[in-house]
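Let us read a model feature by feature.

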There are 2 protein chains.
Amino acid sequence: MKIVVDGYGGDKAPYEIVKGCVMAINEIDDLNIVITGKQKELNECLNKLNYSGDRIEIVNANTVISCDEENPAKLIRSMPDSSIVVALDILNKRNDIDALISAGSTGAILSGGILKVGRIKGVSRPGLAPSLPTKISNKSVLLIDCGANADCKPINLCHFAIMGSVYYSSMYDVEKPRVALLNVGVEEAKGNILTKDTFQMLKKMPINFVGNVEARDCLSGDYDVLVTDGFSGNLILKSIEGTISFILDNLKETIKSSFFSKLGYLFMRKSFNKLKNSLDYKQYGGSQFLGCKKPIFKAHGNSDAISILITIKQAVRVANKNTNDKIEKIISSLNIEASDLE
Amino acid sequence: MKIVVDGYGGDKAPYEIVKGCVMAINEIDDLNIVITGKQKELNECLNKLNYSGDRIEIVNANTVISCDEENPAKLIRSMPDSSIVVALDILNKRNDIDALISAGSTGAILSGGILKVGRIKGVSRPGLAPSLPTKISNKSVLLIDCGANADCKPINLCHFAIMGSVYYSSMYDVEKPRVALLNVGVEEAKGNILTKDTFQMLKKMPINFVGNVEARDCLSGDYDVLVTDGFSGNLILKSIEGTISFILDNLKETIKSSFFSKLGYLFMRKSFNKLKNSLDYKQYGGSQFLGCKKPIFKAHGNSDAISILITIKQAVRVANKNTNDKIEKIISSLNIEASDLE
C-alpha cells in the first residue's frame with residue numbers, strides 16, 4: 001500500500017503533515033508514503049522527527065496553492081510545480097500509488113481531482129463526503145455532496161447515494177447502510193423540484209433508501225448516509241460548524257459569568273474537554289472526494305499530525321477494500337435513461 | 001389595536017394560548033384580542049384565569065387543523081369552521097383587525113395566508129421569517145424565507161430582502177439593516193445559479209446589501225437579515241435546531257459522566273439554565289409570514305403563554321409601524337422587468 005500526501009496543504013504544513021505521515025508509517029506495517037513539497041524543508045522535518053527509514057519518499061514541488069482561490073481550475077493548469085498538482089500527477093501516473101491526501105485548498109483538490117485523475121467510469125459527478133458526529137457515540141454519518149456541485153440533477157444525487165453507501169459499507173463494515181435524502185419534510189411529496197424528482201429515482205436504486213430526513217435529524221444517528229446537492233450540503237455542514245462554535249462561545253461566557261460557575265467549571269473541566277473533543281470535526285477524519293478514479297481525501301485545513309494520521313488510516317482502509325471497483329460495478333449495472341444524464 | 005389569535009393552534013392550546021392573550025391584555029393598554037376556537041372551552045379558560053373584562057372576544061370555531069398535513073390548501077378550503085380558517089376570515093374581512101397569530105400548522109398558515117388574505121400588491125411571493133439568536137447578546141438575525149417557497153427565482157429573493165429589511169427596521173429601530181445573501185462562499189462568483197443571479201439583482205435593490213454570508217456565520221451577529229430560498233432556509237433553521245439539541249444532549253451526558261462533573265453542575269446550574277434559555281427559540285418570538293396584506297405570525301408549535309405574549313408584542317409593534325405599507329411603497333417603486341417576474 002502506497003499513498004501520496006501533499007506536504008504543503010493546510011495551515012500546519014509541512015511539519016504536522018510530515019509528523020502524521022511518520023506516525024502512520026510507525027503504526028501501519030505495509031504502508032509507504034510519498035510526500036510532495038519543498039524537498040529540503042521536508043527532509044528537515046523528517047530529521048527533526050528522527051525518521052531515517054526508507055518507507056517515506058520525498059518528491060520535490062516548489063510552489064503551493066495556498067487558499068481557496070476564485071478559479072482553482074486555472075491554478076491547477078498554471079501551477080504544475082505546486083505540491084498538490086505534483087501529488088495529483090503522481091496519483092494519476094504511478095501504478096504503485098493507491099490514494100492521495102491533502103489538507104490544502106478544497107477548490108484545487110476538487111478541480112484537480114477531475115482534471116488530473118478523472119472520474120470513475122459511469123459516475124456523472126464526484127461528490128465531497130465528510131463524516132459528521134452523531135448522538136450515538138462512535139457512530140458517524142456521511143454527508144454527500146457538501147460542496148463539489150452547486151447545481152445538481154437527480155442522477156447526480158443517485159450517484160452520490162450509491163457512492164456514499166459503498167464507501168460507508170467499506171469504512172464501517174455496515175452491510176446495508178441506511179441512505180436518506182436531505183429534505184424539508186419527511187413526506188414523499190415534500191421538497192423542491194430536485195428532491196421530489198430525486199426521491200422517485202432513489203427508490204429504484206440498488207441501495208437501502210429509507211426516505212427523506214429533515215436537517216434537524218442529521219446528527220440523530222438514525223442514518224448512515226445523507227444525500228444532497230453540493231449547495232445544500234455545504235450550508236448544512238457550515239451551519240453545524242457555526243452552531244457548535246456559537247454554543248461553545250456561549251458556554252465560555254456562561255462559565256465566566258459568576259464565581260460559582262467558575263468553581264463548578266473546575267470540577268467539570270475534564271468532562272468539558274471530552275465534550276469539546278467529541279464536537280471536533282478533525283476526530284472524524286477527512287472528507288473523501290468520492291467518484292474519482294483513485295481515492296482522494298481532503299483533510300481539514302487546520303489538520304494536525306493526529307488528523308493526518310486518521311485520514312491516512314481512512315485512505316488505507318478504502319483502498320484495501322477496493323471501494324472504487326465496487327462503485328464502478330454498481331453504477332455500470334444501472335439501467336439509466338440517456339436523458340437522465342443530460 | 002386589535003388582533004386575532006387562533007385559540008387552537010399549537011401543542012399547548014387552548015389554555016396557554018388564552019393565558020398569553022390575558023397577559024398581553026394586562027400589559028398593553030390599548031390592545032383588544034379576538035380568540036377563535038371552541039367557545040365553551042375558551043370561556044372556561046378565561047374563567048380559570050379570572051379574566052372577566054370586555055377586551056377579549058371569543059368567536060366560535062368547531063374544528064382544528066391539527067398538524068402539518070400533506071395538502072394544507074385543500075384543508076383550508078374543506079375546513080371553513082376550523083380555528084385557523086375562522087381567524088383568517090376575521091383578519092381578511094374585518095377592518096378593525098390589525099394582525100393574526102397562530103401556533104398551529106405552518107402549512108395551513110402559509111396556504112391560508114395566501115388564499116384568504118392575499119399578498120401585498122407587487123410582492124411576488126410572501127416568505128416565512130423567523131428571528132434567530134446571535135453571538136451578540138439581545139441581537140437577533142432575521143432569516144427569510146425559511147419554508148414558504150421551496151423553489152425560488154432571483155426576484156423572489158429580492159422581495160424577501162426588501163421585506164426583511166423593512167421588518168427588521170420596524171422591529172429593532174435599525175435604520176439600514178445589513179442584508180446578506182446566504183451562500184457557499186463570500187466571493188461574488190460563488191454559489192449556484194440562483195445565488196449568482198440573485199447577487200447581481202440584489203446590488204440594485206434599495207437596501208443595505210452587504211454581500212454573501214456563509215452558513216457558519218449566520219449567528220455571528222454581523223448581519224441583520226439573511227436572504228435565501230425557502231428550501232435552504234428551512235435546512236439552515238432545522239440544522240441549527242438539531243445541532244443545539246445534539247450539543248445539549250451531549251452536555252447532559254457529560255454532566256452525568258462522573259461524580260466531579262455532577263458536583264460541578266450543582267455550582268453551575270443557574271448559569272446553565274441561562275445558557276439553555278438563550279438557545280431557546282421561543283424567546284425570540286414567532287416567525288412573520290411577510291408579504292401578506294395584513295401581518296400574520298406563526299408562533300412556535302410548542303408555544304407557552306410567555307411565547308404567545310412575546311409574539312403578540314411583535315405583532316403590535318409591526319402593525320403600529322405600518323410595516324406593510326412601507327413594503328408596498330418600496331416594491332411598487334422598483335423598476336423590475338416583466339421577464340424577471342415570470
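The dialogue below takes up symmetry, interface, domains, helix packing and backbone.

Q: What should I know before reading any value?

A: This is a predicted model: local features need pLDDT of at least 70, side-chain atom pairs count only at pLDDT 80 or more, and totals for chains, interfaces and linings use all residues. Residues are numbered from 1 along each chain as its sequence is written, while chains are lettered from A and ligands numbered from 1 in the order in which they are written.

Q: By what turn and shift can chain B be laid on chain A?

A: Two copies of a chain are related by a rotation about an axis and a shift along it. Here the turn is 180° and the shift along the axis 0.0 Å, with an RMSD of 0.0 Å. The two copies are thus related as by a two-fold rotation axis. The superposition is by least squares on C-alpha atoms of residues with pLDDT of at least 70 in both copies. Of the residues of chain B, Gly264(B) comes closest to the axis, its C-alpha lying at 1.9 Å.

Q: How many residues of chain B are in contact with chain A?

A: Contact means that two C-beta atoms, placed from the backbone, lie within 7 Å. On that count, 51 residues of chain B touch 51 residues of chain A. Helices H8 (230–256) and H9 (259–278) of chain B each supply at least two residues of this side. Helices (H or I, at least four residues) and strands (E, at least two) are DSSP runs, numbered from the N terminus. H8(B) gives the most, with 18 residues. By class, the side of chain B that touches chain A has 24 nonpolar, 16 polar and 11 charged residues. Ala, Val, Leu, Ile, Met, Phe, Trp, Tyr, Cys and Pro count as nonpolar, Asp, Glu, Lys and Arg as charged, and the others, Gly among them, as polar. 100% of the interface residues of chain B are also interface residues in chain A, so the copies meet through the same surface.

Q: How do I read the packing of H9(A) and H8(B)?

A: Two packed helices are described by the angle between their axes and the distance between the axes. The axes of H9(A) (residues 259–278) and H8(B) come within 9 Å and cross at roughly 145°. Axes are lines fitted to C-alpha atoms, for helices over the stretch in contact, and angles run from 0 to 180 degrees between N-to-C directions. In H9(A), Ser271(A), Phe272(A), Lys274(A), Leu275(A) and Ser278(A) meet Asn250(B), Leu251(B) and Thr254(B) in H8(B).

Q: Which domains does the assignment give for chain A?

A: Domain 1 covers 1–123 + 291–322, and domain 2 covers 124–288. Such bounds come from an automatic or database domain assignment. The domain centres, taken over C-alpha atoms, are 25 Å apart. Contacts join 22 residues of domain 1 to 18 residues of domain 2. H10(A) gives the most to the domain 1 side, with six residues.

Q: Is Asn50(A) buried or exposed?

A: Asn50(A) counts as exposed because it has 7 C-beta neighbours inside 10 Å. The cut-offs for other C-beta atoms within 10 Å, placed from the backbone, are 20 or more for buried and 12 or fewer for exposed, with partly exposed in between.
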